[in-house]
Amino acid sequence: MVAFDDTFRRQLHELFVWRRDVRRFRSDPLPEGAIDGLIETGCLSPSVGLSQPWRFVIVDDAARRRAVIDDFRACNADALSCYSGERAARYATLKLSGLEQAPGHLAVFADKASDVGHGLGRATMPETTEYSVVAAITAMWLAARADGIGLGWVSILSPDRIHAILDVPQSWKFIAYLCIGHPEAECDQPELEQAKWEHRRGADEFTLRR
Ligand SMILES: Cc1cc2c(cc1C)N(C[C@H](O)[C@H](O)[C@H](O)COP(=O)(O)O)c1[nH]c(=O)[nH]c(=O)c1N2
């Protein structure tokens with residue numbers, strides 16, 4: 001039995017506050033085994049029916065990385081064209097990936113065809129497979145920060161293209177592309193808040209009582 005004391009609880013709260021989506025990375029390499037360690041932590045996460053549907057692809061190949069960066073550029077240009085006026089000008093200033101600088105690239109998929117877990121919990125809500133993978137990514141995001149490592153989630157990508165670039169099984173659904181490295185700076189405020197794109201709202205705005 002492990003007990004957690006007040007000091008740990010305070011530090012855990014600080015971890016939640018100081019976890020950031022990181023897009024600005026130092027160029028120095030990750031410690032040996034850092035990504036494997038994060039994956040092992042992710043595998044401790046809850047999953048529907050204990051199905052562990054997460055699938056990870058560590059992307060080291062330079063040509064594949066370049067293809068992902070090209071896809072990001074194309075998708076980001078398309079995204080920019082959906083805005084106009086002042087909002088477009090602001091979007092154009094945002095840094096929305098650290099793909100070029102991050103020493104670690106990790107793609108994450110959900111295996112929709114796996115029968116691990118024997119379908120428990122998925123009959124009426126098949127999307128719980130994807131939810132389970134997101135739960136793992138959240139744990140990895142926090143674990144990375146605790147290790148002094150930054151993690152940035154990139155979704156400005158086309159899933160079909162990522163599938164082709166990484167040559168993964170058809171049943172794997174693309175969930176996230178993660179940039180991993182040492183952050184240039186630490187901050188307790190989201191970068192989108194610093195850039196005045198959006199601000200974090202309090203829990204009372206999202207809570208109903210019935
Ligand atoms: C599903 C999903 C997808 C994305 C993100 C997050 C999540 C959960 N975020 C990060 C997002 O912008 C960030 O979490 C919020 O701005 C809040 O900042 P902190 O994570 O608290 O630093 C993100 N950030 C970014 O720069 N490019 C991106 O493509 C994405 N995509």
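Q: Is the crossing of helices H2 and H5 left-handed or right-handed?
A: The crossing of H2 and H5 is right-handed: left-handed would mean that the near helix is turned anticlockwise from the far one by less than a right angle, right-handed that it is turned clockwise. Before we go on, this is a predicted model, where local features need pLDDT of at least 70, side-chain atom pairs count only at pLDDT 80 or more, and totals for chains, interfaces and linings use all residues. Residues are numbered from 1 along each chain as its sequence is written.

Q: What makes the pair H2 and H5 oblique?
A: H2 (residues 34-42) and H5 (residues 128-146) pack at about 135°, their axes 8 Å apart. Axes are lines fitted to C-alpha atoms, for helices over the stretch in contact, and angles run from 0 to 180 degrees between N-to-C directions. Under 35 degrees counts as roughly parallel, over 145 as roughly antiparallel, 65 to 115 as roughly perpendicular and the rest as oblique, so H2 and H5 are oblique to each other.

Q: Which residues bring H2 and H5 into contact?
A: Leu38, Thr41 and Gly42 in H2 meet Ala136, Ile137, Ala139, Met140, Ala143 and Ala144 in H5; contact means C-beta atoms, placed from the backbone, within 7 Å. By class there are seven nonpolar, two polar and no charged residues (nonpolar: Ala, Val, Leu, Ile, Met, Phe, Trp, Tyr, Cys and Pro; charged: Asp, Glu, Lys and Arg; polar: the others, Gly among them).

Q: Why is H3 called roughly antiparallel to H6?
A: The axes of H3 (residues 62-81) and H6 (residues 159-166) come within 10 Å and cross at roughly 170°, which makes H3 roughly antiparallel to H6. Their contact holds five nonpolar, no polar and three charged residues, with Arg64, Ala67, Val68 and Asp71 of H3 facing Arg161, Ile162, Ile165 and Leu166 of H6.

Q: How many bridges join E3 to E4?
A: Five bridges join E3 to E4 (residues 172-181), and strands pair if DSSP finds at least two, so E3 and E4 pair, running antiparallel.

Q: What makes E1 and E3 the edges of the sheet?
A: The open sheet has the order E1-E2-E4-E3. E1 (54-58) and E3 (150-154) each have a single partner strand, so one side of each lacks a neighbour in the sheet. Neighbouring strands are turned by 30° on average, direction ignored.

Q: Which helix lies across E1, E2 and E4 at about 175° to E1?
A: H2 does, while H6 lies across those strands at about 75° to E4.

How values were computed. Helices (H or I, at least four residues) and strands (E, at least two) are DSSP runs, numbered from the N terminus. Two residues are in contact if their C-beta atoms, placed from the backbone, lie within 7 Å.
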